[in-house]
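Me: I would like to learn how to read a structural model feature by feature. Could you take me through the one shown here?

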Amino acid sequence: MVAGVLHVTWAAAGGLDIAALFLAGGVGGTWSARHTVRRATPLGAVLPTLGSAGLAVAIALPSPVVHGCGAVVAGSGVGLTCDGDLRAIGEITTARSRSEVFSAVYVVSCTALSPGRSARAGPAVAHRPPTSGDASPPKNR
C-alpha cells in the first residue's frame, strides 16, 4: 500500500514510512521539552489523530506529499505524548519507586506493541501453493 502511495516499486518503501514516523517521534519528544506536561500530553494526543487522517487522505489520493506530512504530524504527536506522559509519571512518583514504575511502563508499552498472536501459532493466512495456470493445484513431484 505504501509503495502505491509513494509511487515506488522497491521493497524498502514500508521501512521509509516507519523511519519517517520514528524520526518525527524523536523530534516530537524533543519539542515536548518546550511545553509543560499539561500542554504536551493533550497536544500529543491530537496530533496522531490528525496525522492518521492525513495518511488516510494520502492513501485515497495516492499523494506522497500528503503522506509525508501525515507521517511527520503523527510521529511528532507520538513523541509529544510519550515524553509528556513519562514526565507526568516522573512528577508523581517518589524517587524510591520511580525506576519500578518506569520499568512497568516499558513492559506494558512493549506488550502493547507486540503482536497479539504467538509466534508459534504460524502465519495468519494459510499458505496456498501456486497454481499451474489452469486453476488446478500443482502436481506433487
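Reply: From the N terminus on, the elements run α-α-α-α-α, and the secondary structure comes to 5 helices and 0 strands. Please keep in mind throughout that this is a predicted model.

Me: What share of the 141 residues is buried, and what share of the contacts between residues at least 6 apart in sequence joins residues at least 24 apart?

Reply: Buried residues make up 22% of the 141 residues in the protein. Among the contacts between residues at least 6 apart in sequence, 65% join residues at least 24 apart.

Me: Which residues of α3 and α4 are buried, and how many of the 16 residues of α5 are?

Reply: In α3 the buried residues are Val37, Ala40, Gly44, Leu47, Gly51, Gly54, Leu55 and Ala58. In α4 they are His67, Gly70, Ala71, Ala74, Gly75, Ser76, Gly77, Gly79, Leu80, Thr81, Gly84 and Gly90. Of the 16 residues of α5 the number buried is 0, so α5 lies largely in the open.

Me: Why does Ser76 count as buried, and which residues is Ser76 in contact with beyond its neighbours within four places in sequence?

Reply: Buried means under 20% relative accessible area. Ser76, which is found in helix α4 (residues 64-92), is buried because its relative accessible area is 12%. Leaving aside its neighbours within four places in sequence, Ser76 is in contact with Ala24, Gly25 and Gly28.

Me: How should I read residues that are apart along the chain, such as Val27 and Gly75, or Leu16 and Gly68?

Reply: Val27, in helix α2, is 48 residues from Gly75 along the chain, and their C-alpha atoms are separated by 8.3 Å. Val27 counts as exposed, at 55% relative accessibility. Leu16 also has its place in helix α2, and counts as partly exposed at 43%; its C-alpha atom is separated by 9.9 Å from that of Gly68, 52 residues apart along the chain.

Me: Is Val37 buried or exposed, and what surrounds Val37?

Reply: Val37, found in helix α3, counts as buried because its relative accessibility is 14%. Val37 and Ala88 are 51 residues apart in sequence and 6.2 Å apart in space, C-alpha to C-alpha. Leaving aside its neighbours within four places in sequence, Val37 is in contact with Pro42, Gly84, Arg87, Ala88 and Glu91.

Me: How many salt bridges does the structure hold, and where do the partners lie?

Reply: An α-helix has 3.6 residues a turn, so residues three or four places apart point the same way. The structure holds 1 salt bridge, in which the side chains of Arg87 and Asp83 meet at 3.4 Å, N to O. Arg87 and Asp83 both lie in helix α4, 4 residues apart, about one turn of the helix. Arg87 counts as partly exposed at 24% relative accessibility, and Asp83 counts as partly exposed at 24% too.

Me: What can be said of the largest pocket, its volume and its lining?

Reply: A pocket can be read by its volume, by the residues that line it and by the elements that supply them. The largest pocket here has a volume of about 660 Å³ and is lined by 20 residues, of which Phe22, Val78, Cys82, Ser109 and Leu113 lie nearest its centre. Helices α2 (13-32), α4 and α5 (98-113) each supply at least two residues of the lining, and the largest share, 8 residues, comes from α4. The lining residues divide into 13 nonpolar, 5 polar and 2 charged.

Note on methods. Residues numbered from 1 in each chain as written. Predicted model: local features only at pLDDT ≥ 70, side-chain atom pairs only at ≥ 80, totals over all residues. Heavy atoms only, no water. Buried < 20%, exposed > 50% of the residue type's maximum accessible area, 1.4 Å probe, protein only. Contact = heavy atoms within 4.5 Å. Salt bridge = Lys/Arg side-chain N within 4 Å of Asp/Glu carboxyl O. 1 Å grid on protein atoms, 1.4 Å probe; cavity = no way out; pocket = protein on both sides within 12 Å on 5 of 7 lines; lining within 4 Å. Points joined across faces, edges and corners; volume = space filled by probe spheres on them. Nonpolar A, V, L, I, M, F, W, Y, C, P; charged D, E, K, R; others polar.
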